Amino acid sequence: MTAIAKISARAAAPDLAAHVDALDWPQITAELDSQGCAVLKNLLTPDQCRAVATLYPDDTHFRSRIVMGRHGFGRGEYKYFSYPLPDPIAQLRPALYGHLQGVANRWNEAMGIDIRYPASHGAFLKRCHEAGQARPTPLLLQYEAGDYNCLHQDLYGEHVFPLQVAILLSEPGRDFTGGEFVLTEQRPRMQSRAEVVPLAQGDAVAFAVHHRPVQGTRGTYRVNLRHGVSRIRSGQRHTLGVIFHDAK
Ligand SMILES: O=C(O)CCC(=O)C(=O)O
Ligand SMILES: [Fe+2]
């Protein structure tokens with residue numbers, strides 16, 4: 001990036017990284033450890049939410065469009081951003097990674113997985129790209145009345161960062177009704193547990209992509225998570241998905 005491009009990127013989101021740094025990370029980390037998910041209140045302002053959601057029709061920002069019904073993924077559609085990522089996604093991804101990387105390393109240690117994640121997102125992306133996972137994964141989702149997102153896991157190759165973030169860009173009750181973010185946890189030899197995460201416009205949810213450790217009476221065990229969105233009852237709902245590994 002040239003110096004001028006860097007300056008204009010900063011101007012578009014002057015203090016987003018500082019805003020991310022100022023979130024209550026001890027609280028978020030404690031929630032992630034105990035529940036496998038945590039809400040990041042007011043990650044984006046309503047103006048920033050609108051600015052991202054209105055990118056949807058402009059295909060110059062995206063590498064592909066997925067119509068979920070064609071793949072059995074649910075109903076609705078989404079588009080994967082292309083590189084270079086626009087603001088504020090370009091700033092959010094490394095800023096969030098920097099605070100989640102410690103959780104990821106602790107979780108792997110607890111689960112007996114010997115993969116560790118570097119301190120910077122750039123270094124982790126280099127690992128993905130060298131393994132042929134070079135396509136950007138941040139995505140913008142668009143749902144209309146009747147749409148839903150089936151329970152799934154965003155795995156795109158061998159390299160997986162174990163946490164991801166989804167940001168609600170629309171305002172519940174005004175822009176849409178229904179459309180709740182849902183997580184399920186499949187515990188070994190036990191029945192599954194569901195969690196509905198209440199989000200306001202601009203709130204984000206950080207959650208486990210695939211596995212997380214749970215402390216039991218007989219040591220640590222692994223639970224298998226999936227996430228999705230319940231049926232949108234009315235209106236239109238947009239979400240920004242921030243996945244930290246790239247795709248094959
Ligand atoms: O629309 C949502 O809230 C979920 C989006 C999603 O599946 C993701 O960000 O990976
Ligand atoms: Fe997803």
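Which residues are exposed on the other side of H6? Point 3 gives the answer, after some remarks on the whole chain.

1. This is a predicted model. The chain contains six helices and 14 strands. Along the principal axes, its C-alpha atoms fill a box of roughly 55 × 45 × 35 Å.

2. A compact globule of 248 residues would have a radius of gyration near 18 Å, and the chain agrees because its own value is 18 Å. Of the 248 residues, 35% are buried. Counting contacts between residues at least 6 apart in sequence, 80% join residues at least 24 apart.

3. Helix H6 spans residues 121-130, and its buried residues are Phe124, Leu125 and Cys128. These lie on the same side of H6, because the arc they cover around the axis is only 100 degrees. On the other side of H6, the exposed residues are Gly122, Ala123, Lys126 and Glu130.

4. After H6 comes Gly132. The phi of Gly132 is positive, near 85 degrees.

5. Ligand 1 has Leu141, Asn149, Asp154, Ala166, Phe181, His227, Val229, Thr239 and Gly241 around it. By type, this shell has four nonpolar residues, four polar and one charged.

6. Strand E13 (219-229) supplies at least two residues of the shell around ligand 1, and so does strand E14 (232-242).

Definitions and conventions:
Residues are numbered from 1 along each chain as its sequence is written. Chains are lettered from A and ligands numbered from 1 in the order in which they are written. This is a predicted model: local features need pLDDT of at least 70, side-chain atom pairs count only at pLDDT 80 or more; totals for chains, interfaces and linings use all residues. A residue is near a molecule or strand if its C-beta atom, placed from the backbone, lies within 6 Å of it. Helices (H or I, at least four residues) and strands (E, at least two) are DSSP runs, numbered from the N terminus. Ala, Val, Leu, Ile, Met, Phe, Trp, Tyr, Cys and Pro count as nonpolar, Asp, Glu, Lys and Arg as charged, and the others, Gly among them, as polar. A residue is buried if 20 or more other C-beta atoms lie within 10 Å of its own, exposed if 12 or fewer, and partly exposed in between; C-beta atoms are placed from the backbone. The arc is that of the directions from the helix axis to the C-beta atoms. The radius of gyration is taken over C-alpha atoms; the globule rule is 2.2 Å times the number of residues to the power 0.38. Two residues are in contact if their C-beta atoms, placed from the backbone, lie within 7 Å.
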